[in-house]
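Subject: The structure for you to look at

Dear colleague,

Here is the structure I promised to hand over, and below it I have written out what was found in it. Please keep the picture open while you read, so that you can follow each part in turn.

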Amino acid sequence: MPLFGLKFGKKKLKEEERHLQANNRDFNLEFEYANNSIKTSKYNFFTFLPLNLFEQFHSESQCLFLFLLILQLIPEVSSLSWFTTVVPLVLVLTVSGVKDAIDDFNRYKSDNHVNNRPVQVLINGSLKDDKWMNIQVGDIIKLENNNFVTADLLLLSSSEPHSLTYIETAELDGETNLKVKQALTVTAELGEDLQKLTDFNGEVKCEAPNNKLDKFTGSLTLHGEKFALDNEKMLLRGCTIRNTEWCFGLVIYAGPDTKLMQNCGKTTFKRTSIDRLMNVLVLVIFAFLALMCFILAIGNGIWEHDKGYYFQVYLPWAVGVDSAPYSGFLMFWSYVIILNTVVPISLYVSVEIIRLGNSFYIDWDRKMYYPLNDTPAQARTTTLNEELGQIKYIFSDKTGTLTQNIMAFNKCSINGKSYGDVYDMAGQRTEITEHTEKVDFSYNPLADPKFVFYDHSLVEAVKLDDAATHRFFRLLSLCHTVMPEEKKEGNLVYQAQSPDEGALVTAARNFGFVFRARTPETITVVEMGETKDYKLLAILDFNNVRKRMSVIVRSPEGDLTLYCKGADTIVYELLHSSCGPLKEETMEHLNEFAGEGLRTLVVAYKNLQEDYFEEWHKRHHEASTALDGREEKLSELYEEIEKDLMLLGATAIEDKLQDGVPQTIETLTKAHIKIWVLTGDKQETAVNIGYSCNMLHDDMEDVFIIEGNTSEDVLNELRTARKKMNPDSFQESDEINIKFKNPSMKSRILPEEQANGVYGLVINGHSLAYALEGNLELELVRTASMCKVVICCRVTPLQKAQVVELVKKYKKAVTLAIGDGANDVSMIKTAHIGVGISGQEGMQAVLSSDFSFAQFRYLQRLLLVHGRWSYIRMCKFLRYFFYKNFAFTLVHFWYGFFSGFSAQTVYDQWFITLYNLVYTSLPVLGMSLFDQDVDDRWSMQFPHLYEPGQQNLYFNKIEFVKCVLHGIYSSLILFFIPYGAMYDTVRSDGKAIADYQSFALMAQTCLLIVVSVQIGLDTAYWTAVNQFFIWGSLSVYFAIIFTMYSDGMYLIFAASFPFIGTARNTLSQPSVWLAIFLSIILCVLPVVGSRFLKAQLMPTVSDKVLRKIREAKKRPLPPLPKTRLRRTSTRRSGYAFSHQHGFGALIMSGRNMRPKLPFTATGMFSPNSEKNRHK
């Protein structure tokens, strides 16, 4: 029995094989399989307090502050009140705890939303409504059209013929094309008969839960017979049911055992590099504190032995102190308490406030708001802001992140003439804008209203009955594997295997060649208002080798024609010799289309002889039924008939990128950020997008393709690529080779290697699996990190995470992963920063992300503006904070040598309490929340300003040492100048002022003015708030000391306010102000001088860019470039359709056809019929 949600007892054994029985919960419960509820939250009501405190006290600093608190509770060593530590500590723990609770509650709400989705489950012969979280392994559930798949199911039956089920897998692999699953014949007979389904008692034995999305092996035993199960019969959680009224499935894996959740990775607590550095520095500071206390304790022991022992008449030792060494021991702990302000706990409170403020800036940024779907940018975590300014590697999904998942028929070439461009009256090509006149398709009642085209000359060619144009669109309406759906007459919806095919068939539809219906033997097309039935004789299916598909049809007139479309490089080899001149003209158009990043296909046809086709068709039937070598025989027959084709033209489809993607990638590349695209899509599609986005271009020295099928092949391909990029990397003297030959070296971080040019790398998923193995991963990361762009295709969600982890392991770099689907969740969780795009693939990525917005283009603003500002602000804050506290605390250290090492504080107790809380807190927060070296426009225009963050130049161990040295120098000035000014000094009326209280007031006044001037020097962007905070803090200081040191306060609280009259007596002396002015000059002058000389003699990248900006500001601000990014390329897109091989055979078999269609029921349809004629 779980107690408070926690299970105790024996550890669950690792599952080797899954064994379950349908409709038998008692049997399945014996194996303790996970139910269907998921949990990504970390806490519950009972575990929150102990677990959260345990996590927080994992921080070394929190433990040290707790130790200080315990010290202050010991009267013998306590030199300050206990509440000076306990209040800030409780405040920090509370703020962090509340923030963690809110974050975890959001995760809990997300889990709750998913777990409480409704589902119909078969229980005792009837369907009952239940929640997802209550589903158990072995249950039979019913899903309907557009439902999310509840768990990993074995498909039993569906509403479609032959129990086919159409699913969309965008959440799993990013592909939006439909995929087909088919149930076993023996279970398909169950249909939707609830009694038969209830009586179904099949036993399934299958593999244990794993993360392999494309693999499943198992067996179903029913009535003593055994049936093989594979992935084609499985519906995976994360998919969506499409074009299927209903289906029934048997739950095989549930909840955390599903393949989607197995690929999600663990939720880890992310810390920034600055957090990790601060933890190290806090330990260093406490070691420094211990050293100071040890020196002062030794001093106290010596002083008490030499002087104090004989001075006890005037200064008796404390009760219990009977020797000088014991006195020194107690003084050690007293000084630990006094000097602990060198790292006050308010540092952590301030850091959290700064991060929270900078997170609000992201939430409030209107330039990152997407009005079309009312989506603002959102900082879903407040602990990672400054790391946005240090990104070196971006790992991006493709589908839905870089692209919109929308294909548009953009241009075409027909019989040597190019269509799609718009020309003005002077014959000059004009750019298409939202104001460009669109083609009016209202003459066609079956046109798709969403289709947009701008070139009116193509419509005119169609209307003028141009033979080549008609044949071109006839081909597009016949040569495909699209399935039409017409629930209402005239309301056509195309279900395409790939979005490319849908775009081509829709184009043909709008230009008057409407694909209306299909059966296994016929294709019905409405051509210019006339309905025609073409007899479908054969589909020569697509595969990755052929890179083309063809159909053979007989027209109503009896003509036999083969229509073919495919990759230009393939189809051009099959053309008839008479097509020479047309090939050259079409080639020019193809180059132009490819230069604009469009996806091109070549279309061709061939008229067939009746007697030859009859003979070929017989051989085709024999080959298609052959038991041995079927694929090879069919391929030979396809090659034979697809010869001497006549060229018709080419199509150009735009895989629509999100707005501003090429410009964003170009800007981020200028900021020396490396972009890797990790996609589940196929290689051709990913490479096309690489060129469209300007990631890949023809100016590159080479684009390496890694596609080896063995570990050895992959290794050779990677080494060949590395040898070309950097031949010196194979020499024994190479730094990395030496490093990894020495196994004793603990650091695995690789230094940066420079290639001898600009290169790209494309690697396939099966090759990546080998490359991620232990002996190859080093080779992969060395080769890939030298490339400007890396594209990984056909990768699983887990592989995405592994690639990110690989870079984190071997590179000292901050990584960012960005995606929009469930298949990106593991990558988002693994990277230092995870960004979710609220796109078309659901909200899974957003729910797991650290930051989210609606468009990829907002990433450049997130990094170059918000990230850079956050990083600069945090670094300035830390440098100033450590400086002011070292300057403040070390004055105590010097004072110890002049006070008999007695642990007496140099300042008034109230000043010590209020220094970090009131006097210096607001000015540094003002700078840390509002400061910016340049505004957002210049930040975007000069991406090189981002480099210092990547190299971590603004706050590191060296910068910290500089802060310490600066603080030590200032503390020497702040102690010895007031000391010298007070020593043997008299007032203007002859009275002495060299007393402790006057010295304390003078020292603290010098300190506060010096640190206020210092923050003024550090502030680059002045606002009214900064001015108010700095001048206000100084005003509050003087108001407080004149109030607290007044006669009235002393009379009311004599013990608490002993500095009676000190302020008016000391600050009225000109010599005091002269000493204060001298302290300020001596503290500030070296800072100003060193900064000036450094900027002049050793300017950094930022100094050079800032100088350019200052010069540019003297001129009018340049307008943002509005030129359309175009690339010139001789490379053309491959046949990039996301087809499933064998889908043509499925269509020809008729197994996916509905028994009855609205069209066949209504007979022949024509737009010119009386019923549909325009009135």
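Please bear in mind that this is a predicted model. I begin with strand β29 (residues 674–678), which pairs with β32 in the parallel sense over 4 bridges, and within that pairing the bridge partner of Val 677 is Ile 791 in β32. Strand β31 (residues 759–763) also runs parallel to β32 and is joined to it by 4 bridges, with Ile 763 having Cys 792 of β32 as its bridge partner.

It is worth looking at β32 itself, which covers residues 789–792. In a regular strand the side chains alternate between the two faces of the sheet. In β32, Val 789 and Ile 791 point one way while Val 790 and Cys 792 point the other way, and all of them are buried. In the loop between β32 and α25 (797–810) you will find Arg 794, whose phi is near 50°, a positive value in a residue other than glycine. Arg 794 counts as partly exposed, because its relative accessible area is 39% and that class lies between 20% and 50%.

Strand β15 (residues 391–396) is mostly covered, with 5 of its 6 residues buried. β15 also pairs in the parallel sense with strand β33 (residues 814–819), over 5 bridges, and there the bridge partner of Ile 391 is Val 814.

Next comes an open sheet of 9 strands with antiparallel pairing, in the order β17-β16-β28-β27-β26-β25-β24-β23-β22. At its edges stand β17 (417–419) and β22 (513–518), and each has a single partner strand, so one side of each is left without a neighbour in the sheet. From one strand to the next the twist averages 30°. Within this sheet, β27 and strand β28 (residues 646–657) run antiparallel and are joined by 7 bridges, and Tyr 605 stands opposite Met 646 in β28. Helix α18 packs on the sheet, where it touches β24, β25, β26 and β27, and its direction makes about 130° with that of β24.

How far apart should the ends of α18 be, at 1.5 Å a residue? The 12 residues of α18 (residues 630–641) should span 16 Å, and the end C-alpha atoms are 17 Å apart, which agrees. The buried residues of α18 are Leu 634, Leu 637, Tyr 638 and Ile 641. Seen down the helix axis, these buried residues of α18 fall within an arc of 100°, so they line one face of the helix. As a general point, an α-helix has 3.6 residues a turn, so residues three or four places apart point the same way. On the face of α18 turned away from its buried side are the exposed residues Glu 632 and Glu 636. Among the elements that cover the buried residues of α18 are β24 (530–540), β25 (548–554), β26 (560–566), β27 (599–607) and α17 (610–624).

In the loop between α18 and β28 lies Asp 644, and the phi of Asp 644 is near 55°, again a positive value in a residue other than glycine. Asp 644 is partly exposed, with a relative accessible area of 44%.

There is also an open sheet of 4 strands, in the order β1-β8-β9-β10, with antiparallel pairing. Here β1 (17–21) and β10 (225–229) stand at the edges, each with a single partner strand, so one side of each is left without a neighbour in the sheet. The twist in this sheet averages 20° from one strand to the next.

Finally, please look at helix α9 (residues 273–306) and helix α28 (residues 858–896), which pack at an angle of about 5° with their axes 12 Å apart. α9 and α28 are therefore roughly parallel to each other, a description used for angles under 35 degrees. The residues that make the contact include Ile 274, Met 278 and Phe 288 of α9 and Tyr 871, Met 874 and Phe 882 of α28.

With best wishes

Methods
Residues numbered from 1 in each chain as written. Predicted model: local features only at pLDDT ≥ 70, side-chain atom pairs only at ≥ 80, totals over all residues. Heavy atoms only, no water. Helix = DSSP H or I, 4+ residues; strand = E, 2+ residues; numbered from the N terminus. Expected span 1.5 Å × (residues − 1). Buried < 20%, exposed > 50% of the residue type's maximum accessible area, 1.4 Å probe, protein only. Arc of directions from axis to C-beta. Contact = heavy atoms within 4.5 Å. Pairing = 2+ DSSP bridges. Axes fitted to C-alpha atoms, helices over the stretch in contact; angles between N-to-C directions. Parallel < 35°, antiparallel > 145°, perpendicular 65-115°, else oblique.
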